[in-house]
Amino acid sequence: MLVSFIIATKNRPERLRKALSFLKGQSYQHWEAVVCDDGDGRGYFLAQEDSDTRIIGVKNAGIAQVDARNTAITVAKGELLALHDDDDWWEDSNHLSTVVDAFSQSASSQSASSQSASKDAIKEALLCSYGWMVTEENGQTVSKELFAFDATPSSLLKNNTILTSSMVYPRRLHQKLGLFDRAVEGYFDWDWSLRVTQAGYPLFVNKSPSICYLVHGTNGSHIVESERRLRNFQAFKNKHNLDIVIKNHASLLQND
């Protein structure tokens, strides 16, 4: 079973390099990483020049991160898509094996590392995982907090308790539900989880903390009240008719 990592990147090649290095360390090796550059081109060239032929660099066919992810999806060949931010990393080297096993209808009779699972046997579902919120200083970890929420279709109507880089699902769901919605921009992931679950597809939560989410000054855990993000949040609320207040992943931990 081929897994395609969908990675949008913008002007942070060193963090992208780290993310890719952890992917290369996965015990399950049948994957590709489609890196779509939405910035100055350094991410594209880093991917193109990598000696690992599973890493593919493409340039954004549109504008901003949602278009970049949609561009990568149109290039991806995997039966499964794994969303991956360029500044996060999959810490557990066996996580991809666990994911592939979870999506196989015949998991009990197949090895988790098998590459021969039938396309038709893939469960149509959305899988997410617990993870860690990591803060660094000078490249060193200074704090690491467990992000562990039992996301459900009903809980997602109140808070986004899913880390983007933990989301995995069959690529064919896009054929049925469409690509990511650029109108909600930074809330594309929350919007996608609602679209999938409201369409009746199951949501599975892997309770093993496998994903590291880096908290820094340029991601949503810091710029939650920017004018642009507030505008996107309002578009998201209106789309789903939700009565909610704006939050971020860090504030969810504080309120837990």
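These legends accompany close-up views of one predicted protein model. In this predicted model, local features need pLDDT of at least 70, side-chain atom pairs count only at pLDDT 80 or more, and totals for chains, interfaces and linings use all residues. Residues are numbered from 1 along each chain as its sequence is written, and side-chain values use heavy atoms, with hydrogens and water left out.

View 1. Helices (H or I, at least four residues) and strands (E, at least two) are DSSP runs, numbered from the N terminus. Of the 256 residues, 55% count as buried. Buried means under 20% relative accessible area, exposed over 50%, and partly exposed in between (1.4 Å probe, protein chains only). Contact means heavy atoms within 4.5 Å. Among contacts with a separation of 6 or more, 72% are between residues 24 or more positions apart.

**View 2. The largest nonpolar core holds 34 residues.** A nonpolar core is a set of buried Ala, Val, Leu, Ile, Met, Phe, Trp, Tyr and Cys residues joined through side-chain atoms within 4.5 Å. Tyr169, Phe180, Trp190 and Phe236 touch the most other members. At least two residues of this core come from each of strand S1 (3-9), strand S2 (31-37), helix H3 (64-75), strand S4 (80-83), strand S6 (126-137), helix H6 (188-198) and helix H7 (227-240). H6 gives the largest share, five residues. Apart from this core lies another, of 26 residues, including Val35, Leu46, Ala82 and Phe103.

**View 3. Tryptophan 190 and the residues it touches.** Residues up to four places away in sequence are not counted here.

**View 4. Helix H1 (residues 13-24) packs with helix H2 (residues 42-49).** Two packed helices are described by the angle between their axes and the distance between the axes. For H1 and H2, the angle is about 35° and the axes are 9 Å apart. Axes are lines fitted to C-alpha atoms, for helices over the stretch in contact, and angles run from 0 to 180 degrees between N-to-C directions. The crossing of H1 and H2 is right-handed. A crossing is left-handed if the near helix is turned anticlockwise from the far one by less than a right angle, and right-handed if clockwise. H1 brings Pro13, Leu16, Arg17 and Leu20 to the contact, and H2 brings Arg42, Gly43 and Leu46.

**View 5. Strand S2 is covered on both faces.** In a regular strand the side chains alternate between the two faces of the sheet. On one side of S2, Trp31, Ala33, Val35 and Asp37 are buried. On the other, Glu32, Val34 and Cys36 are buried. Seven of the seven residues of S2 are buried, so the strand is largely enclosed by the rest of the structure. S1 and S2 pair in the parallel sense over seven bridges. Two strands pair if DSSP finds at least two bridges between them. Alanine 33 in S2 is the bridge partner of phenylalanine 5.

**View 6. Strands S6 and S7 form a hairpin.** S6 and S7 run antiparallel and are joined by seven bridges. Glutamate 136 has threonine 141 in S7 as its bridge partner. Two residues lie between the strands, and asparagine 138 in this hairpin takes a positive phi near 55°.

**View 7. Glutamate 185 and asparagine 241 have positive phi values.** Most residues other than glycine have a negative phi. Glutamate 185 has a phi of about 40°. Glutamate 185 sits in the loop between helix H5 (172-177) and H6. Its relative accessible area is 17%, so glutamate 185 is buried. Asparagine 241 has a phi near 55° and is found in the loop between H7 and helix H8 (249-255). With a relative accessible area of 71%, asparagine 241 is exposed.

**View 8. Glutamine 65 in helix H3.** Glutamine 65 counts as partly exposed, at 26% relative accessibility. Leaving aside neighbours within four places in sequence, glutamine 65 is in contact with Ala8, Asp38, Glu185, Gly186 and Phe188. Glutamine 65 and threonine 9 are 56 residues apart in sequence, yet 7.9 Å apart in space, C-alpha to C-alpha.
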